[in-house]
Every structure is written in C-alpha cells, then in structure tokens.
Amino acid sequence: KMTQQMRDLQLAQARKPPGPSSPNAAKRLYRNLSGKFRVNYTSFDEGSLVGRGEKEKLRKSYLFQSNAALFEAVELQDLDRVQELLKQYSPEELDLNTPNSEGLLPLDIAIMTNNAPIARALLQAGAKESPHFVSLESRSLHLSTLVREAEQRVNELMAQVVNEAPNADCSEKEKQLKAWEWRFRLYKRMKAGFEHARVPDAPTNVQLSVASSSSVQVTFWEPLSVNSAVVTKYKVEWSCSPTFSPPLGEAVIDKLKNLHFTIRGLVSGTAYYVRVSAYNMKGWGPPQASVPPFAIPSNWREYDGRAPRRRGQAEALDHLLGQVKTVHQHCVCHEPCKNQPQSRKHSVSKSLKHLFHPGSKFLKTLKRGLYLTAIFYKDDNILVTHEDQIPVVEIDDTYSCLLMQDFLWFTKVSCMWDEILWLRQCVTVSQSSCSCILQTRFKMLLAISQMQGLLGIQDLGQVFFEPVKDKQGNILIVTLKEVKTNQTFESVRWVPICKLQTSRKSVSSPEEPTALDTLLISVQDKLAYHQRSSHALSPGLYLGYLKLCSAVDQIRVLVPEQLPNILCHVKIRSNPNVSREEWEWLQKMVSVEEPVPTEPEADTSQNPLFHELQVAIKELMTLVNIPLQEAKDFRLYSQEVLDFGDQVSFLLLLPPSDDVCTAPGQNNPYTPRSGFLTLPLQIFELGEER
C-alpha cells in the first residue's frame, strides 16, 4: 500500500502543469491554491474515508499542495503568503528542504532573485540551500541549463503557435507559451542575480566576552553592505594565536535567528582569539576580528577561590528536615501522646473528626475573627463555592489582631503544603505548654487542612504579602494559585471574575467595607501581583538597588510592582558572567574609595564594564527618582556577585550606610515614582526562592 501511495504521488508530480500560462494566470492559480490550503481538514466526513491509507493519502495531497504553494509564493515574491505558510505548517510538512523537479529549493530562488526579506524568513524557519550546488561552477552550469531549456521550450511553442491554425489546441499552446515565457524570465533573473553577486563583506560589531571559566561568547551583526547576495551562514574561528596559525577550532552557524555563539570547553586563564566571517552563494567573505581581540575564560570567584554560596544548601536542608521528622516520629509524636490528659486527647479527636463531618463547609459571612481564603484562578475565571462565594474557612473567631510573627510563620508553612498533617501532629503535642502562640498556629494548621479537604487539593498556592483587614475586626489571610490544567475540585465551580464582582450583593457601606468586599474589589490587583511575582528575568548581568525601611515589627524592602520578587534593577548586559579581570578592577576601585562611576574617564574608557556601569547607574537613578549627583555617595557591594542560577547575576548598588534603611519617622527626601511597593523582608525572601 505504501508503494502504491508513492507511485500515486510520483504520478501526481508528473501530471503537474509546467507552470502558469502568464503572470496573471500564475496569480490566479496561486490564489485558487491558497484558498484550497485554508480548508479545515476536520470538516471532512472521516466516516466516508476508506481506511487509514486513504486518510494518509489525503493528508499527503494537502501537504504536497502546500509545498507547491510555497514555491509559487517565493517565485511571485509574495512575502505575506510565505510568512502565512511558514506559520501554518511545520518545515517537515512543507518539505522545506526538498528540491523541486528543477533541483531548486525555495531558499535558492529567494537568494538568487535577491529577495532578502523572503530569504530571511525562510532562513529563520530552517531553510537550506540546495545540496546540488557544491561549487560556483555547478551553480552557474545549473542556471545556464535551466535558462537554455526554458528558451528552447519557448521557441518550440512559439513555432507551434505560429504554424498551427486557430483551434482549441492552439489556445492551449498559447497558454503554455505564456507560462514558459514567464518562467524563462524568472530563470534569467536568477542567473543575472548570481552573476552580479559578490562575496559578502565582513560581519559588523563582532563583540567577544567571557561567558564562564571555560567558555567565551561572540556576538555579531550582519554585514553592512546591501549590494551582495543574502548571507546564509556564518563561520566562527578561534585560536591561541593572533595569526590563527594553527587554528584551534571553527563552527558554522546556519540558524540565523540569534547571531551569537558560545565557544565551550576552553582552558581557564588562556587567551583565545576569535574572528567571524559570512557566507553567501558566492562563497566566504573576509573574516572580522573580535573586539576585544582576545578573551581569557575566567569567573569572579577565581579572584579569591570562593565557593558558590548556595552549593549543597538545598540538600543540607532536606537532610535536616528528614532528621527532624525522624526525631518527632520516634520521640515526640508517639510517646508523649500517651501521657497527655484524657480531656486533651478527646478535644483533639473531636476537632479532627470535625474536618470530615458533612457539616464542615465554607463560610458565607465573617463574624470578627481570623480567616483563611484561597483564590484559584484560570484565565479570567475564579473558583467559587456553590453560593458564589470565594472559599473561606475560619481560623480563630476570638483572634482580632494578627501578629506579624504569626503571619510570617504562616507564609513559611506555605512552603510545606504537603506536610500539614505532620506539622499538625507535632504542634498538637506541644500544646501541653498552653502557649497562646502555639494554639493560634495549631488553629492555622487546622484551617489549612480543612481548606485542603473541602477543595480536594493540597497545594493552596502562594500567600499574598499582606492580610486583608476591615474595621469590624475581620482579618483574611489570602492564598493565590493559578490553575493551568483541567484540574478537578470539590464543592466549587468556575465563574468569570467580572460576573462575580457585579453580581455580589454587598452587606457593608462603601465607607466601611468588610474584608470580603475589599478582597473582591481588589482581586484583580492581587491576581496581577501573583502573576508578576512568578516572572523570571531574562539572562544577563543586572544592577540592583537595595533600599530598606523599618517599622515597629518588620523590615520592608523596595521592589518594582512589575517584578515584585526582584529588587529594583536595570540590565547591565546580556552576559551574566563577571570575569576575574572585571572583578579585580571593581575591587581596586572600591579599595581606593573612588565614587560610583557616573562620568566617563579617559584612563578607564577601554574597560567595557566601566562604560556599562555608567549607563546602568544613570538609568537606575532615574528609575528610583534620585538625582544623579547623589549617586556619588553610593557604593557598589564588593563582597560578591549575587548569582541566581547560571543565567542571572546581580551587582548591588547601596545608598550611604546611614540611608540603607529608613527608620520610623525618618524623612526620605527621594520618594520613588509610582510603580513600586514595599514588601516585608521575609515575604520578599520567600518570593525570591520561588
């Protein structure tokens, strides 16, 4: 059956008309084919197809037509249609790198007609040049053959049209003649494009930087010249010699979406020279040496041999938690339980049974106390109870003043949603001390268990950075979680957020809204905060600004609203690595107590990091609304570079020591513009870890 399908496909190719009869006819054919390609495959009645083989044959037929449509679009220089086809089909479905009957690929036609926009679109989709053109001579011979054969075919059809009497066959011959005349002009244009092209100029802005202690990265731009043919690939060469003799290695880059390359596996402390050259259908152009001409792989840690701050920390914490669990399991959660008074055991047993009793359900109204609410959202929908209420359970109806220590403890518990039962058992035993703090925290764990049981899910999400309060003495601890899959919940349903906000009947006055009304009014702001707090920075080196303010019971840190899990910052460069040489320069600058660089200096103009810091500091001072002259008293944190994984790192800019943390009542003359907020330091640290 597969053999028969291949024969059918070959027969279809053989029956394909040689080309459109004229430019107008070509456009009509192209439009007709384009309309057919937009047919929805699922609209066919699959029951009428006989077997899987017929379905496969039909699919191949459409893919074959899409390949033909791509060739037509490239030949007609229709960029919009080319982009549409590349978006609609994968390169495999389009047979993007399969030559047609003339031995040409879509990219060949685009570059030989010097259509740079279409060529770039094809290259970014993964298009290649025809493998038949192994040399300049073979390409020239192939084009000459196509032109000669097309001219011969035009002459033959011209003679037949002139010599034959007007009839139906003659009309068909005239159509074929126009089609071949159009194709003859296309081949001549391709041949002329090839003959007039020259090798590309050297790439521009070739920049070399140290990527790590064993790699360097080179970035570059396209050649400036627009007179030569489209560049289809680049070559990166590296060597330990400035003359590149002998060369150490080379790499060809044919995926041109991002013009950069990382050379890995190098020796730390060794200088490597790099150069880049471009290629088009006429061959390789001259190489361009990088700036600086060489780079030495290194990392700032090599300056004093410092180990990564977080190396092994996660494993150590997991081990410590395991030890704590083992101790509580064998020593606390079993033996002391036997010595508790019977009344206490009965009380705990009763409270546990309450969780599984049918009467356990979400609250409709608040009655002065401490409560837990969980907000689950998906797109523009939010999870509500059958009474169209956001899920709320009670923590403590006698607790009207939430201490910051209790709230911060709750945020830490949110990192262990799956361990609530174990935590509850341990805190239950410890209640024999009659500590009010432990009793409150035990009630928090009970409320968490109740919410998990009612919703049928363990992970309640991230805790919002501050509780919602009202003047009636109600306090809401809010958790937020985005649902990205079709997850099943119990006792709840999805409703649009806007519908919930408009349909809810408030029982409070606008002057004194209840905590639930306040939550509903501000729910979209809280969802926006939650989404932004999960965003990650793009790879690079950043300059962060550390500004704290203290209150009676907490320290808060200034962060941007758009990215509240990161300090106020600007990007210095895309390369996150700080080399040993750059770190040595920073240490020297700090040791002589030089001011933060805000103005250019002649003797350091050759240091790229110096210029990058100048630009970043000016941008950061504008961002946080601090006059640039004040930055002269600021300091760069010189103890370490803050590494967040392998792709993001930070240098810290600190105010004068007396101004790092603003005390209560202290006047801050430079207030940041809108777009910032202050988070409790512990909340910020948890968000940073997430």
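1. By class, how many nonpolar, polar and charged residues does the lining of the second largest cavity have? The lining has 4 nonpolar, 1 polar and 2 charged residues, where Ala, Val, Leu, Ile, Met, Phe, Trp, Tyr, Cys and Pro count as nonpolar, Asp, Glu, Lys and Arg as charged, and the others, Gly among them, as polar. The residues concerned are D388, Q389, I390, L500, R504, L516 and L520, and the second largest cavity holds about 60 Å³ of space.

2. The model is predicted: local features need pLDDT of at least 70, side-chain atom pairs count only at pLDDT 80 or more, and totals for chains, interfaces and linings use all residues. Residues are numbered from 1 along each chain as its sequence is written, and side-chain values use heavy atoms, with hydrogens and water left out.

3. There are 3 cavities of 30 Å³ or more in the structure. A cavity is a set of points on a 1 Å grid over the protein atoms alone where a 1.4 Å probe fits but cannot get out, and lining residues have an atom within 4 Å of a point. A volume is the space filled by probe spheres set on the points, which are joined across faces, edges and corners.

4. The largest cavity contains about 100 Å³ of space. Its lining numbers 14 residues, of which Q462, V463, I683, L686 and G687 are the closest to the centre. By class, 7 are nonpolar, 6 polar and 1 charged. Helix 21 (681–689) and strand 12 (462–463) each supply at least two lining residues, and the largest share, 4 residues, comes from helix 21. Helices (H or I, at least four residues) and strands (E, at least two) are DSSP runs, numbered from the N terminus. Domain 3 (369–528) and domain 4 (540–591 + 605–689) each contribute at least three residues to this lining; the domain bounds come from an automatic or database domain assignment.

5. In helix 4 (residues 79–88), the buried residues are R81, V82, L85 and L86. Seen down the helix axis, these residues fall within an arc of 135°, so they line one face of helix 4; the arc is that of the directions from the helix axis to the C-beta atoms. D80 and K87 are exposed on the other side of helix 4. Buried means under 20% relative accessible area, exposed over 50%, and partly exposed in between (1.4 Å probe, protein chains only). At the N-terminal end, D78 caps helix 4, with a side-chain oxygen 3.4 Å from the backbone nitrogen of D80.

6. L70 belongs to helix 3 (residues 51–75) and counts as buried at 0% relative accessibility. The C-alpha atoms of L70 and V82 are 6.3 Å apart, although 12 residues separate them along the chain.

7. Helix 18 (residues 523–532) has V523, K526, L527, Y529 and H530 as its buried residues. They cover an arc of only 160° around the axis, which puts them on the same side of helix 18.

8. Most residues other than glycine have a negative phi, and most peptide bonds are trans. The bond from S245 to P246 is cis, with omega near 5°, and P246 sits in the loop between strand 3 (233–239) and strand 4 (249–253). Another cis peptide bond joins V291 and P292, with omega about -5°; P292 lies in strand 8 (residues 288–295).

9. Positive phi values occur at N205, near 50°, and at D379, near 55°. N205 is in strand 1 (residues 204–212) and is partly exposed, with a relative accessible area of 32%. D379 is in the loop between strand 9 (370–378) and strand 10 (381–385) and counts as exposed at 62% relative accessibility.

Note on methods: 1 Å grid on protein atoms, 1.4 Å probe; cavity = no way out; pocket = protein on both sides within 12 Å on 5 of 7 lines; lining within 4 Å. Polar contact = N/O pair within 3.5 Å; in protein donor to acceptor, adjacent residues only side chain to side chain.
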